[in-house]
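Hello,

Here is the structure I promised to hand over. Please open it and keep it in view while you read my notes below.

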Amino acid sequence: MEGTPVAVESVRDVGAETIALELSTPDGFDALPGQFVLLRAELDGEEVTRHYTLSSPAVTETFELTVGVDPDGDLSPWLADLEGGETVHVEGPFGTITYEGETDVVAVAGGPGVGPAVAIAEAAHDAGCEASVVYQDDSPAHEDRLAALATDGATVTIIDDGDEAGLADSVAEHLEDGQFYVFGFSDFVHAVGDAIEDAGGDSDEALIENFG
């Protein structure tokens, strides 16, 4: 199997049908918040691959991937059943959307985009910068990390699915608060881009990862 073998350190539930997969960091793996990896696993003799964006602010000894579990999916239910000690293969990191600890941030997430959004907000806080998180989901994940960010001074706003007015208002409220990072599926990231434009900003300046 292609890629670098890495050990699964732990798997834990972080929300409804959402897990955090903690993997050992291989030698030479120097990833930044916002980047993603290709994960490979062999299931019933067939290789299955998926891309996942990092959800940990650092990769010193381990790194984390946040995975939405689709009961009918090929890979995510298998990952959710791991107990630690297994081996998967990774390639990467990939991607040009990165946070390097230099600016205040506004991390906007829809659904599974919360993983990288939280990681970037935590990295900004660790670097002494300001962070805001706008998160749209009816069943929020990583609530403990969001609460910790709020306690440390970050602005955390959680919006119900379908509340487009609330999303637009939150985007407008934070328009001047930092570099926008946007993570989510196509409809969501386009809605955020439109909200930035409607508020008088330039959506081309936002760093957007469209999950498809």
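**What I found**

Leaving aside neighbours within four places in sequence, V14 is in contact with I19, A20, A141 and H142. Keep in mind that the model is predicted.

Stay with V14 for a moment. V14 sits in strand 1, which runs over residues 4-15. Is V14 buried or exposed? V14 has 14% relative accessibility. The cut-off for buried is under 20%, so V14 counts as buried. Now look at A141, one of the contacts of V14. V14 and A141 are 127 residues apart along the chain, but their C-alpha atoms are separated by 5.5 Å.

Step back to the protein as a whole. Five helices and 11 strands make up the count of elements. The radius of gyration is 17 Å, and the globule rule gives close to that, 17 Å, for 212 residues, so the protein is as compact as a globular protein of that length. Along the principal axes, the C-alpha trace spans about 50 × 35 × 30 Å. Of the 212 residues, 48% count as buried.

Contacts come next. Take those between residues at least 6 apart in sequence: 67% of them join residues at least 24 apart.

Then the surface and the charges. The accessible surface comes to about 9,900 Å², and 41% of that belongs to carbon and sulfur atoms. The protein has 4 positive and 47 negative charges. The mean positions of these two sets are 10 Å apart.

Two other residues deserve a look.

- T53: This residue is in strand 4, residues 46-53. Its relative accessibility is 8%, so T53 counts as buried. Which side chain does the side chain of T53 meet in a polar contact? That of E209, at 2.7 Å. Leaving aside neighbours within four places in sequence, T53 is in contact with residues including G34, Q35, F36, P116 and F211.
- E91: Find this residue in strand 6, residues 87-94. The side chain of E91 makes a polar contact with the side chain of R40, at 2.6 Å. Again leaving aside neighbours within four places in sequence, E91 is in contact with E2, G3, V37, L38 and R40.

Then go to T53 and its polar contact with E209. Finish at E91 and its polar contact with R40.

Best wishes

Conventions: Residues are numbered from 1 along each chain as its sequence is written. This is a predicted model: local features need pLDDT of at least 70, side-chain atom pairs count only at pLDDT 80 or more; totals for chains, interfaces and linings use all residues. Side-chain values use heavy atoms; hydrogens and water are left out. Helices (H or I, at least four residues) and strands (E, at least two) are DSSP runs, numbered from the N terminus. The radius of gyration is taken over C-alpha atoms; the globule rule is 2.2 Å times the number of residues to the power 0.38. Buried means under 20% relative accessible area, exposed over 50%, partly exposed in between (1.4 Å probe, protein chains only). Contact means heavy atoms within 4.5 Å. Accessible areas come from the Shrake-Rupley method with a 1.4 Å probe; for residues, only the protein chains shown count as cover. Lys and Arg count as positive and Asp and Glu as negative; His and the chain ends are not counted. The place of a charge is taken as NZ of Lys, CZ of Arg, CG of Asp or CD of Glu. A polar contact is a pair of N or O atoms within 3.5 Å; within protein, one must be able to donate a hydrogen and the other to accept it, and residues adjacent in sequence count only if both atoms are side-chain atoms.
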